[in-house]
Amino acid sequence: MRSIVDSRAYRRVVGRFATGVVVVTTRLGDVDHAMTVNSFTSVSLEPLLVLFCADRRARFHDLVLESGIWGVSILPAAMEDASRYFSEPGRPVASRHDHWPHHHGDIGVTLFDQALATLECRTWAVHDGGDHSLVVGEVVAMATPAEAAPLIYHEGRYRTV
């Protein structure tokens with residue numbers, strides 16, 4: 001079935017692509033910041049690069065670009081509440097990470113202890129992506145702290161495997 005190409009129809013169509021869910025974090029000064037992201041992917045093996053898309057309207061956008069460092073925590077199904085929290089617009093600027101066990105990685109960014117995997121990145125490049133920026137990072141550290149079912153986002157709902 002064909003539909004008219006507009007932003008609502010587009011969201012329905014791309015929503016059919018199941019994605020994992022991550023929380024991207026950054027640290028600016030002594031303040032931790034975080035945002036839920038489902039537009040995250042591996043880019044390159046030589047060098048090790050990943051990217052995520054940051055909405056230009058989100059406060060996190062300018063903070064992560066200014067800091068130049070960021071962490072990625074790939075969420076298990078048990079952390080759906082964290083995903084929901086860090087996706088809420090208007091929450092306090094300094095996000096409250098204390099609800100979930102976490103630590104600061106080698107470059108100082110917050111990483112969640114229950115994550116399926118974590119990566120620490122330094123911004124490699126930023127590309128225009130319309131109303132988003134494509135933030136490419138070089139992976140400088142990574143770990144696989146936990147084994148669990150992944151949190152998946154599909155057709156506007158959280159799901160598990």
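User: Taking helices (H or I, at least four residues) and strands (E, at least two) as DSSP runs numbered from the N terminus, which element gives the most to the lining of the largest pocket?

Analyst: That is α1, with 6 residues. This is a predicted model with residues numbered from 1 along each chain, where local features need pLDDT of at least 70, side-chain atom pairs count only at pLDDT 80 or more, and totals for chains, interfaces and linings use all residues. Side-chain values use heavy atoms, without hydrogens or water. A pocket is an open set of points on a 1 Å grid over the protein atoms alone, where a 1.4 Å probe fits and protein lies on both sides within 12 Å along at least five of seven lines, and lining residues have an atom within 4 Å of a point.

User: And which residues lie nearest the centre of that pocket?

Analyst: R11, N38, S39, H132 and Y153 do, out of 50 lining residues. Besides α1 (7–14), the elements that each supply at least two residues of the lining are β3, β4 (40–45), β5, α2, α3 (80–87), β10 and β11 (151–154).

User: Changing topic, which residues touch the most other members of the largest nonpolar core?

Analyst: V24, F52 and W70, in a core of 15 residues. A core here joins buried (under 20% relative accessible area, 1.4 Å probe, protein chains only) Ala, Val, Leu, Ile, Met, Phe, Trp, Tyr and Cys residues through side-chain atoms within 4.5 Å. Two or more residues of this core come from each of β2 (22–28), β3 (31–37), β5 (48–55), α2 (59–67), β6 (69–74), β9 (117–129) and β10 (132–143), and β5 has the largest share, with 3 residues.

User: What does F52 touch?

Analyst: Leaving out residues up to four places away in sequence, F52 touches V24, M35, V37, S39, F40, F60, V64, W70, S133, L134 and V135, where contact means heavy atoms within 4.5 Å. Another core, of 12 residues, lies apart from the largest one and includes A34, Y85, W100 and F112.

User: Staying with α2, which of its residues are buried, and what covers them?

Analyst: F60, H61, L63, V64 and S67 are buried in α2, and their cover includes β2, β3, β5, β6, β9 and β10. After α2 comes G68, which has a positive phi near 75°.

User: How do β9 and β10 pair, and over how many bridges?

Analyst: They are antiparallel, joined over 11 bridges, with pairing taken as at least two DSSP bridges. β9 also runs antiparallel to β6, to which 6 bridges join it. T118 ties both pairings together in the details: T118 in β9 is the bridge partner of S73, and A143 in β10 is the bridge partner of T118. The hairpin of β9 and β10 has 2 residues between the strands, and there G130 takes a positive phi near 70°.

User: What is the strand order in the open sheet of 3 strands?

Analyst: The order is β1-β11-β12, paired antiparallel. β1 (19–20) and β12 (157–160) are the edge strands with a single partner each, so one side of each has no neighbour in the sheet. The antiparallel pairing of β1 with β11 covers 2 bridges, and T19 has Y153 of β11 as its bridge partner.

User: Last one: is G15 buried or exposed?

Analyst: G15, in the loop between α1 and β1, is buried at a relative accessible area of 17%. Apart from neighbours within four places in sequence, G15 contacts H154 and E155. The C-alpha atoms of G15 and G108 are separated by 33 Å, with the two residues 93 apart along the chain.

Methods: Buried < 20%, exposed > 50% of the residue type's maximum accessible area, 1.4 Å probe, protein only.
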